[in-house]
Amino acid sequence: MNIAVCVKPVPDPGHYNRITINPETKLLDRKGIPVIINPVDKNAIEAALQLKEQFGGKVVLVSMAPPDAGEILKEALAMGVDEAYLLSDRAFAGSDTLATAKILAAGLKKIGQLDLILTGSESADSGTNHVPSQLGELLGLPHLNHITELSLELPVLKMKAKIENGYVEYEGSLPMVLGVAREINTPRYTTLMGVVMAQKKPFTIWGLNDLGLDPAGTGLSGSPTQPGDLLFPRHGRKAEILEGEPEAVAGKIVAILRGAGVLP
Amino acid sequence: MPNQPGSVWVIAEKSREKIAEVTLELLGKAREIAARRGSPLTTAVLPGKDADLSAAELIAHGADQVILIEDPRLEPYQNDTCALVLEELIKRHRPEIVLFGASYRGSELSATVAARLQTGLSAHCIDLKVDDRKGLVQVVPAFGGIVYSEILCPEARPQMASVKPGVFSKPARDAARTGTVLKEKATVLEGYQSPLKAVRVVQRQPPELPLEKAETIVVGGWGVGPDMWDYLEQIAGELEGAVGCTRPALDEGWTRGEHTMIGTSGKTVRPRVYMGFGVSGSAHHVVGMKDSGIVINVNNDPEAPVFQVSDYSVIADAGVILPVLLEKIKEHKGI
């Protein structure tokens with residue numbers, strides 16, 4: 001059983017409050033913010049590794065990212081992934097979800113012979129949750145997103161997909177594209193042995209030409225959506241400090257609650 | 001009339017056999033957009049079971065036309081069948097703008113249809129407006145809300161966007177409004193064999209007072225701690241409000257569950273009063289509460305970003321204020 005996991009390197013969400021905006025260029029300054037594997041993509045890696053342990057085969061990693069993302073992908077190799085493919089080309093910059101799905105689909109087709117394609121349900125930085133469905137469409141495979149449970153009783157693939165206040169149980173068969181939710185499992189840690197072994201695992205970089213893609217169909221020019229202006233949230237609250245001993249503060253809060261009409 | 005290209009569409013969603021709140025909220029904003037563009041507002045309902053009631057409700061909230069797809073092949077709900085039907089509808093009617101609720105189902109459906117139509121789609125918009133030059137301006141939070149970005153779709157059509165529940169206000173119901181209803185079958189599903197089978201749907205009753213409906217929300221963050229959490233519940237109880245939480249508190253397992261989390265990956269709320277305890281105020285959380293009426297926050301860190309979005313700030317330990325406040329509220333109510 002061959003499983004591909006698509007992952008995205010993202011700026012560490014724990015540091016988003018440190019992202020600043022250059023007032024002149026209006027560009028985001030992400031200097032010093034560490035880049036990590038999108039957290040829920042690690043759940044996808046874990047799900048793939050568990051299936052491999054059960055059914056054999058291999059797990060390959062596919063990521064569309066700048067060339068310096070190699071080190072981050074090594075972490076996935078250290079978790080137990082067998083080989084990694086980095087899809088990287090200047091022409092890919094500025095890709096929206098549809099263009100990203102197109103590039104990933106081209107990489108996955110080139111790898112070929114895949115039974116299951118997993119990815120995280122959404123990324124931490126832009127968080128659209130579009131890619132799993134769009135990847136499925138572009139590969140012409142059935143797809144589901146927000147998967148919280150997954151089991152394979154060959155040939156039947158059983159899945160639970162999240163909905164508001166509940167879930168839907170689905171049955172399907174391989175091959176398929178699934179976006180997994182964080183509830184599905186707890187990703188394993190890397191071990192020292194894993195890190196050592198990761199250095200020797202196959203690591204391939206493919207660019208635009210390797211994938212046979214048209215530059216007009218990728219990156220910003222191949223994206224139906226285009227970024228407009230950046231806006232900076234201004235909330236303009238009055239920020240009055242309520243001072244005093246806890247008793248006095250509580251009294252002031254009660255007065256505010258009464259004023260707002262939520263307390264008689 | 002629905003055949004008129006250039007109209008604004010809202011894809012209706014049902015929740016427990018009723019039109020979902022997010023659909024009605026979208027109708028309010030879509031009405032503004034349609035008026036600005038001088039185009040009709042159409043709502044498509046898939047699947048359209050007990051359709052007549054739905055149509056009346058949609059028209060009363062602003063729809064000019066309602067397209068009902070009544071077809072047993074759309075039951076139980078599946079993304080693949082709905083996407084096929086919606087793709088065909090859009091190709092035939094050529095709307096200019098298509099809006100979806102960003103529920104789990106709506107997100108999946110919008111992404112699938114956008115890929116099939118090779119058009120642009122933005123997710124979780126916090127604002128939508130029409131600009132003569134830019135077209136539909138879709139404002140989305142990026143990096144968890146530290147910055148908002150405009151998303152435009154200059155060439156491909158339709159321009160598509162999803163919006164989470166609670167972002168826009170529901171328009172007033174106007175029973176006197178009139179509109180047309182078009183009933184169709186999902187003929188595109190003729191001979192289609194789905195590779196998937198929805199075998200069971202399990203949906204719990206939503207909590208008695210969902211966050212979106214609470215006038216007062218008492219919110220706990222990481223600074224509350226497990227031992228003091230129950231005070232939030234008690235205070236919310238006294239105020240007939242609800243308890244919300246932040247991602248870190250949810251991850252610690254102190255809360256009632258994910259349906260109470262406020263933020264970009266959770267609920268968007270706009271209560272009359274938001275009262276936060278031990279909430280740091282990450283951009284992620286702020287996106288979900290910024291439109292609240294009065295905002296009060298208690299946090300022992302005077303530098304906490306939450307104070308930038310507060311009307312009233314209390315610089316103190318949440319754990320110290322909570323029991324005193326509960327007593328004070330009870331005292332006031334004469335308990």
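Two conventions come first. Residues are numbered from 1 along each chain as its sequence is written, while chains are lettered from A and ligands numbered from 1 in the order in which they are written. Because this is a predicted model, local features need pLDDT of at least 70 and side-chain atom pairs count only at pLDDT 80 or more, whereas totals for chains, interfaces and linings use all residues.

On confidence, the model scores ipTM 0.93 and pTM 0.90.

Let me turn to chain A. Its C-alpha atoms fill a box of roughly 70 × 50 × 40 Å along the principal axes. Chain A contains six helices and 15 strands; helices (H or I, at least four residues) and strands (E, at least two) are DSSP runs, numbered from the N terminus. Of the 264 residues in chain A, 47% are buried. A residue is buried if 20 or more other C-beta atoms lie within 10 Å of its own, exposed if 12 or fewer, and partly exposed in between, with C-beta atoms placed from the backbone. Two residues are in contact if their C-beta atoms, placed in that way, lie within 7 Å. Among the contacts in chain A with a separation of 6 or more, 71% link residues 24 or more positions apart.

I begin with strand 1 of chain A, residues 2-6. Four of its five residues are buried, so strand 1 is largely enclosed by the rest of the structure. Two strands pair if DSSP finds at least two bridges between them. Strand 1 is joined to strand 6 (residues 58-64) of chain A by five bridges, the two running parallel, and V5(A) stands opposite L61(A) there. Strand 1 also pairs with strand 8 of chain A, again in the parallel sense, over four bridges, with A4(A) opposite I117(A).

How many residues of helix 4 (131-139) of chain A are buried? The count is nine of nine, and the helix is mostly covered. Which elements do these residues pack against? Within chain A they meet helix 3 (97-111), strand 8 (116-120), strand 9 (143-153) and strand 12 (176-180), and from chain B, helix 4 (104-117). Just after helix 4 of chain A, G140(A) takes a positive phi of about 70°.

That brings us to the contact between the chains, which takes 79 residues from chain B and 63 residues from chain A. On the side of chain B, helix 4 gives the most, with nine residues. By class, that side has 43 nonpolar, 22 polar and 14 charged residues. Here Ala, Val, Leu, Ile, Met, Phe, Trp, Tyr, Cys and Pro count as nonpolar, Asp, Glu, Lys and Arg as charged, and the others, Gly among them, as polar. Strand pairing also crosses between the chains: strand 14 (residues 226-231) of chain A and strand 10 of chain B run antiparallel, joined by four bridges. In this pairing Q226(A) stands opposite L152(B).

Finally, chain B itself is divided into domain 1 (8-189) and domain 2 (211-333), with bounds from an automatic or database domain assignment. The C-alpha centres of the two domains lie 32 Å apart. Ten residues of domain 1 are in contact with eleven residues of domain 2. The residues on the domain 1 side divide into five nonpolar, four polar and one charged.
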